Amino acid sequence: MKKWMFVLLACTLAFGCAPSVKRVETNLIKDVSGGWNDTDAQMVAAEMIDDCLNAGWYNKTLLKLGKEPVVIVGTVTNNSMEHINTDVFVEEMQRALINSGKVEFVASKEERGEVRAERLEQDEFASEETRKAFGKEIGADFMLSGTLNSVVDQAGKNALVFYQVNMKLINLETNQIVWNGQKQIKKYVKRSKVSW
């Protein structure tokens, strides 16, 4: 009898502590923790894309090159106090810039390594008509890089969290910074318990 009571108690505890999950729309704006979230990443990407494509560098580059500029993604560093995956807004920026038809991208350093390894395998295993040749990669004109920083001003249960994202386009030939975009987000967070 004691065994069954123990099993029943264990089952009750196990099922009573199960999380509740509800699917929501991806465009739902909801802050749960007060920290960086998907809405912040989308806001940053949207404003940066608009700023980047409407800045003076773009028309100058079109006149000089006579074609859409080619960009490569460099390092976007998270200098904040949170674990933030910067790939979320960088990928969103890259996708929107490519889809605008105004900018072309080449594969990143990591992606190129994988593609080059595939080309090596094709040299050995693919038919001559279908294998892809080395030496035909397109060189980038600009590198996109940036930083994400944060400052937390906290007193007791209340905190003011400030995020600043800086993105730059650097001319690969001259090292000139041709565009410098910035987006700031500030959040006032009131917690029921102190947890910062």
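These legends walk through close-up views of a predicted model of one protein chain.

**View 1. The whole chain at a glance.** Let's start with the overall plan: the secondary structure of the protein chain comes to five helices and five strands. The chain has 196 residues, and 31% of them count as buried. Take the contacts between residues at least 6 apart in sequence: 66% of these join residues at least 24 apart.

**View 2. An open sheet of five strands.** Here the strands line up in the order β2-β1-β3-β4-β5, and their pairing is mixed. Which strands stand at the edges? They are β2 and β5; each has a single partner strand, so one side of each is left without a neighbour in the sheet. As you trace a strand, keep a general idea in mind: in a regular strand, side chains alternate between the two faces of the sheet.

**View 3. Strand β1 and its two partners.** Now zoom in on β1, which covers residues 70-78 and runs parallel to β2, residues 104-105. Two bridges join this pair, and you can find Val-70 standing opposite Glu-104 of β2. How many bridges link β1 with β3? There are six, and this pairing is parallel too. Look for Val-71 here, which stands opposite Phe-142 in β3.

**View 4. The largest nonpolar core.** This view shows a group of 33 residues, and those with the most contacts inside the core are Trp-36, Phe-89, Met-167 and Trp-179. Elements giving two or more residues to the core include the helices α2 (38-54), α3 (56-65) and α4 (87-99). Strands β1, β3, β4 (158-171) and β5 (177-190) also give two or more each. Helix α2 provides the largest share, seven residues.

**View 5. The surroundings of Met-167.** Leaving aside residues up to four places away in sequence, what does Met-167 touch? Its contacts include Met-48, Val-76, Phe-89, Met-93 and Leu-144. Trp-179, Asn-180 and Gly-181 are also among them.

**View 6. Helices α2 and α4 packed together.** The axes of these two helices are 9 Å apart and meet at an angle of about 40 degrees. On the α2 side, the contact is made by Ala-41, Val-44, Ala-45, Met-48, Ile-49 and Leu-53. From α4 come Val-88, Phe-89, Glu-92, Met-93, Ala-96 and Leu-97. Helix α2 also lies across β4 and β5, running at about 150 degrees to β5.

**View 7. Asp-141 in its loop.** You will find Asp-141 in the loop between α5 (109-125) and β3. Is Asp-141 buried or exposed? Its relative accessibility is 19%, under the cut-off of 20%, so Asp-141 counts as buried. Not counting residues up to four places away in sequence, Asp-141 touches Leu-65, Lys-67, Glu-68, Pro-69, Val-70, Ile-170, Asn-171 and Leu-172.

Conventions
Residues numbered from 1 in each chain as written. Predicted model: local features only at pLDDT ≥ 70, side-chain atom pairs only at ≥ 80, totals over all residues. Heavy atoms only, no water. Pairing = 2+ DSSP bridges. Helix = DSSP H or I, 4+ residues; strand = E, 2+ residues; numbered from the N terminus. Core = buried A, V, L, I, M, F, W, Y, C linked by side-chain atoms within 4.5 Å. Buried < 20%, exposed > 50% of the residue type's maximum accessible area, 1.4 Å probe, protein only. Contact = heavy atoms within 4.5 Å. Axes fitted to C-alpha atoms, helices over the stretch in contact; angles between N-to-C directions.
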